[in-house]
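The sequence and the model come first, and the description follows.

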Amino acid sequence: MEVLKIATAGSVDDGKSTLIGRLLYDTKSLTSDKLEAIDRVSKKNGLDYLDFSLATDGLVAEREQGITIDVAHIYFSTPKKSYIIADTPGHIEYTRNMVTGASTSQASIILIDARKGVIEQTYRHFFINNLLRVKEVIVAINKMDLVNYSEDVFNNIITEFDELRSKSDFQDQKLTFIPVSALWGENIAEKSTAMSWYQGQTILEHLEDLKAEDFTEESQARFSVQTVIRPKTEEFHDYRGYAGKINGNSLRVGDDVTVLPSLTTSKIKDIHFFEETFDEAPAGSSVTISLADDINVARGDMLVKTKEVPVETKVVDAMVCWMDNRPLVPSQKYVLQHNTNGVLAKIDKVESHVDSNFGAEENVTSLSLNDIGSVKIKLSKPIYADSYNTNRTNGRFILVDTQTNTTAGVGFIK
Amino acid sequence: MSSILNQNTLESEAIYIFREVVAQFENPVLLFSGGKDSITLVRLAQKAFYPAKIPFPLMHIDTGHNFPETIEFRDRLVEELGLNLIVRKVQDDIDSGVSIEEKGRYSSRNSLQTNTLLSAIEEYKFDACIGGARRDEEKARAKERIFSVRNDFGEWDEKNQRPEVFDMLNGRIDMGQNVRVFPISNWTELDVWSYIDAEKIEIPSIYFAHEREIFERDGLIWTASEHVYKDDHEITEMKTVRFRTVGDITCTAAVESGADTVEKIIKEIRESAISERGARIDDKRSEAAMETRKQQGYF
């Protein structure tokens, strides 16, 4: 079945968890034991309605404080599609968690409180969706019940948002504005009767109409080798297969390929998937490829079509989102993990910070937790990378702190 | 004739995760309970490394309170696929005084598994333990990473987890730490069953409707067994039931069902008003039962 991954973003009390809970409820994804638990706790908290936010907040501290701390993954399905929602927190460390949630998502829902309109955090949510090149963004203007379902309020927010959008350099992004009341389930799965002036789709209708092919990236095929398969059995005595996931575009048997970084060339001999072989495998598939020639290929190497070799680079210019408590400072060393290949990296220069209003602040020297900035990084060995805009998988990397082993930042190559 | 692979996103993701485990860790192990999720993991691991064999052992943390059908099934699977199986017994830790048996009506060895698991990890120096937990099962599991780092004591620091961006999995750890890996994190119960159906994967008979001696307590159906505590006034009867989740016999309740094929099970789940873990007695201990166990090193 088709799977659609969605990230949500909103500030504290925008009603994000309520919206997700409502989607679950309206698609009959909340089972009776879960509903009973929600009912019980809602009553205990003195509410006279079902508090759907209880459906998503998983940790004890979250339920106690009524906040979301970490990214939670929520699943529901309709007869048409399976949905995975990354529910990301609106406040504590929101940038880090939003980037995490949006990184695996094809579509995104940004929540706005109709009473407050576009606020500072909306800028940031929108900016991150742009940075990550999320193609499909739904702007859900929530709490319409608290502004008398006013069409003017809705239209004013669209105008405010358009101003923000005019600064974006990602014009392929599709924005859809939907007025909703998550609490009362209006325009979530069912059309609102109180907002007859709105002729568009409900959130669920819109999601149901999105197609996986709308999100397929049209770029060049990149195949990073994860591990080498050598069965050494009688039947497969000389078999040598390269296991990995195809990204960017499909690969076919007979394709002329170049192995990076060695630049040796060969042809794809066969594409294995379990006990079967195929002539062609699409982007996104985990397969095992063997080559016509007996050449040296190892984890970290990348196979590309010979006519589509990306540029070799020892200096990377990237937008970096910092996710660690220890700030990023020049001359600090990290492992830059680019696909399956890890190289030592040294921070050469922090060029600027970007603010969420698409402005840049120069004269900065470091990136702190949740900062996003432009950084120049020197590598101990060259990598073969694309820009994130042209090839998403081959244009991104993570920086791993060699002392703490943590994933300290994520980068998008310019 | 041209044949094009028709890929399944969740399957491709899981295979990718398995391959990262083998590439990034020296000594991985697959935690095998004999339930449908761990059986699915075995199939995915086969696919990830074919035509080579699965390059890591399976480990069963055996509470001794098993459904006999599960153990028979386990042994047959291991035999057929030529896998290496490690069994570590909770009973041994009880005998040596490391673990103390719970008492009373709700006594179970479920939480004692943690001790046995942690000492087995130390004994074999496993650096990655692959498990079949899914995020849709339970609210604390919804917060779990795919690569989840545990400290020397097996503890999960849920408020300070490593960011996991895109499909980039960072398995770098210090000596003594280990990583729990969840390749089917993003699968739902229905996804697992649909996969079992599509792949024609064999599963233990207790998942299918069968006659069993049971008794009812707290609105749940308990199996009558020498391992399950039963008050004298609790009367047993024969009923047609099946198990929706299979854990230890003391913590897994049955559901009334006539579903005797995978197809009927899928139909039943689609129409079910109760969640999968609604029949898990171990989760009923408190609102945060799973979170508390996970912090202590449970998987």
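## Where the two chains meet

Between chain B and chain A, 25 residue pairs are in polar contact, both residues of each pair being at pLDDT 80 or more. The side of chain B that touches chain A draws at least two residues each from α1 (9-24) and α2 (36-49) of chain B. Of the elements on that side, α1(B) gives the most, with 11 residues. The model is a predicted one, and its side-chain atom pairs count only at pLDDT 80 or more.

In terms of residues, 59 from chain B are in contact with 74 from chain A. About 5,800 Å² is buried between the two chains, and carbon and sulfur atoms give 57% of that area. On the chain B side, B:Leu5, B:Lys143 and B:Phe166 lose the most area to chain A, and together they make up 15% of what that side buries.

The interface of chain B and chain A also holds four salt bridges. A salt bridge joins the side chains of B:Asp167 and A:Arg396, with 3.4 Å from N to O.

## Salt bridges in the structure

Over all chains, the whole structure has 39 salt bridges.

| A:Asp113 | A:Arg115 | 2.9 Å |

A:Asp169 is exposed, with a relative accessible area of 59%, whereas A:Arg133 is buried, with 13%.

In the pair from chain B, B:Arg141 is buried at a relative accessible area of 6%. B:Glu137 has 10% relative accessibility and counts as buried. Elsewhere in chain B, salt bridges link B:Glu11, B:Arg43, B:Lys47 and B:Glu199 in a network.

## A buried strand in chain A

Strand β14 of chain A covers residues 286-291, and six of its six residues are buried, so the strand is largely enclosed by the rest of the structure. In a regular strand, side chains alternate between the two faces of the sheet. On one side of β14(A) the buried residues are A:Ser286, A:Thr288 and A:Ser290; on the other they are A:Val287, A:Ile289 and A:Leu291, and both faces are covered.

Which strands pair with β14(A)? Strand β8 of chain A (residues 241-247) pairs with β14(A) in the antiparallel sense over four bridges, and in this pairing A:Tyr242 stands opposite A:Ile289. Strand β11 of chain A (residues 264-273) also pairs with β14(A) in the antiparallel sense, over four bridges. There, A:Asp270 stands opposite A:Ser290.

## Two sheets in chain B

One open sheet of chain B has six strands in the order β3-β2-β1-β4-β6-β5, with mixed pairing. Its edge strands, β3 (85-89) and β5 (147-150), each pair on one side only. From one strand to the next, the twist averages 30°.

Within this sheet, β1 (residues 28-31) and β2 (residues 58-62) pair in the parallel sense over two bridges. The bridge partner of B:Leu30 in β2(B) is B:Leu58.

Two helices of chain B lie across strands of the sheet. Helix α3 (residues 68-81) lies across β2 and β3, at about 150° to β3(B). Helix α5 (residues 113-124) lies across β1, β2, β3, β4 (128-130) and β6 (178-181), at about 130° to β3(B).

Another open sheet of chain B has four strands in the order β8-β7-β9-β10, with antiparallel pairing. Here the edge strands are β8 (220-223) and β10 (255-256), each pairing on one side only. Strand β9 (residues 237-242) is joined to β10(B) by two bridges, and the two strands run antiparallel. B:Arg242 stands opposite B:Val255 in β10(B).

Terms used. Residues numbered from 1 in each chain as written. Chains lettered and ligands numbered in written order. Predicted model: local features only at pLDDT ≥ 70, side-chain atom pairs only at ≥ 80, totals over all residues. Heavy atoms only, no water. Pairing = 2+ DSSP bridges. Buried < 20%, exposed > 50% of the residue type's maximum accessible area, 1.4 Å probe, protein only. Axes fitted to C-alpha atoms, helices over the stretch in contact; angles between N-to-C directions. Contact = heavy atoms within 4.5 Å. Buried area = accessible area lost by both parts, 1.4 Å probe. Polar contact = N/O pair within 3.5 Å; in protein donor to acceptor, adjacent residues only side chain to side chain.
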